[in-house]
Every structure is written in C-alpha cells, then in structure tokens.
Amino acid sequence: MASTTIPVQKIILCGEFGVGKSSLFRRFTMNKFVSSTDRSSTLGLDHSYKVINVCGREVKLQLWDTGGMERVASITSSYYKFAEAAILVFSFDNPDSFNILSQHVLDIVTYAEGAKIFLCGNKIDLVHQMHVTDADIDEFCEQCHNLISGVFKTSCKTGDGVEKMFYDIACQLVSTSKMAEVKKDSFKLTAQDKSQESCMC
C-alpha cells in the first residue's frame, strides 16, 4: 500500500527583534508562553514543524524564525527560499517595529517571490500600551498595493488569535495549492486533446 505524502508548507516570520516571533511559534506548536526574562534570544536559523488538518486535508507547517536576523546576507537565501508564506510581525507597543515593515516587504518580494504575505500585530494584551492603530494598519496595507493577504492580531501571552492565524494562513495556502493542481490537470487534459486532434487522419 502506497504511503500518502503530507504536503509541506514553509512559513517564515519577518520582523524586528523582540516583537514575539519565536513566541508565536512556541504558542502554536506547544501551547506555551515563556516570558522574556526566562528565555534566550533566537540566534541564527530556527525552525519547527506542526501537522494540522485544514480544509479537509493534512498539512505539515514548516515554521522558520531568525530572531530578527533575516536581513543578514549569510542567511538570506536559505531563509526565504521556497517560502509559501511570510508573516510580517510587529508589536503594538513598539511603533518602530511597525514603521520598518516596508523594508521587510521589499525583502520578501525580492527573495521569496510568490510567497503570500500576512500582517500580524502581536501583544494585543498590552491594551494600555498600544501605539499602532487600525488606521495605521489600513494605511500600510494600502501602501503595499494589495500584497497583504490577511491581517491578524495576536497575543503570545494569552494565546488569543495565534491558532486562528496559522489555520487561516494554512487554509489559504491549501486553497492556492488546490487551484494550482486543478489548473495543472486542466492543462494536461487540454494538451492531450490537442495531441489526439493532431493525430487524426
């Protein structure tokens, strides 16, 4: 009996140091939160996996993080290569982490051509320290000329929005993959029909 291969979707996180990228992965894969005082910073490439059932099929999410070092030349190629999705992460209590996102968008478009781009505002639990507004987010998305495929708000501390974000992203990737398969099959059928026509006497 032939084994069924579970499709792998590579998802990368982009954003400044300290916005909670590693914490997003940890919350999603292990449902854990480690405070900044109890954890070490991510150095170099780090990745983890999680198999989920989404849109009626099993998908293996391959999650990559660099701790904010994705623009370092020595790791740029391997980090962005073959990424199906890129999540832009900023922290609501750090407007600088939001204002620099346009540079990350440029990097994604340059090095991960074809990857879907999503925006994630993290640390929504800091309700009294939120310096990035919905209007700021809307303006940023407009400036990106429809490159942003979805916007999410999360809290690694409470877990709010984290699981939904990854499931929604996975669902979009699966839907895109299914459309590509349909187009591929359609092309094969069309090519076969034309081949038969050319062989008719």
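Author: A charge sits over a ring if NZ of Lys or CZ of Arg is within 6 Å of the ring centre and within 35 degrees of the ring normal. This is a predicted model, where local features need pLDDT of at least 70, side-chain atom pairs count only at pLDDT 80 or more, and totals for chains, interfaces and linings use all residues. Residues are numbered from 1 along each chain as its sequence is written, and side-chain values use heavy atoms, with hydrogens and water left out.

Reader: Thanks! Which ring does the charged end of Lys-50 sit over?

Author: That of Phe-28, with the charged end 4.4 Å from the ring centre. Likewise, the charged end of Lys-60 sits over the ring of Tyr-49, 4.6 Å from its centre.

Reader: What makes Phe-28 and Tyr-167 a pair, and why is it called edge-to-face?

Author: Rings of Phe, Tyr and Trp (its six-membered ring) pair if their centres lie within 6.5 Å; planes under 30 degrees apart count as stacked, over 60 as edge-to-face and the rest as tilted. The centres of Phe-28 and Tyr-167 are 6.2 Å apart and their planes are at 85°, so this pair is edge-to-face. Phe-28 lies in helix H1 (residues 21-30) and Tyr-167 in helix H6 (residues 162-198), 139 residues apart. Helices here are DSSP runs (H or I, at least four residues), as are strands (E, at least two), numbered from the N terminus. Ring pairs also join Phe-25, Phe-28, Phe-166 and Tyr-167 into a cluster.

Reader: Is Phe-28 buried or exposed, and what does Tyr-167 count as?

Author: Buried means under 20% relative accessible area, exposed over 50%, and partly exposed in between (1.4 Å probe, protein chains only). Phe-28 has 3%, so it is buried. Tyr-167 has 27% relative accessibility and therefore counts as partly exposed.

Reader: How many disulfides does a search of the whole structure find?

Author: The search finds 0 disulfides, a disulfide being a pair of cysteine sulfur atoms within 2.5 Å. For Cys-156, the nearest cysteine sulfur is that of Cys-120, 7.3 Å away. Cys-156 has a relative accessible area of 4%, so it is buried.

Reader: How do you know that the buried residues of H5 line one face of the helix?

Author: In helix H5 (residues 134-143), Ile-137, Phe-140 and Cys-141 are buried. Seen down the axis, the buried residues fall within an arc of 100° (taken from the directions from the helix axis to the C-beta atoms), so they line one face. On the other side of H5, Ala-135 and Glu-142 are exposed.
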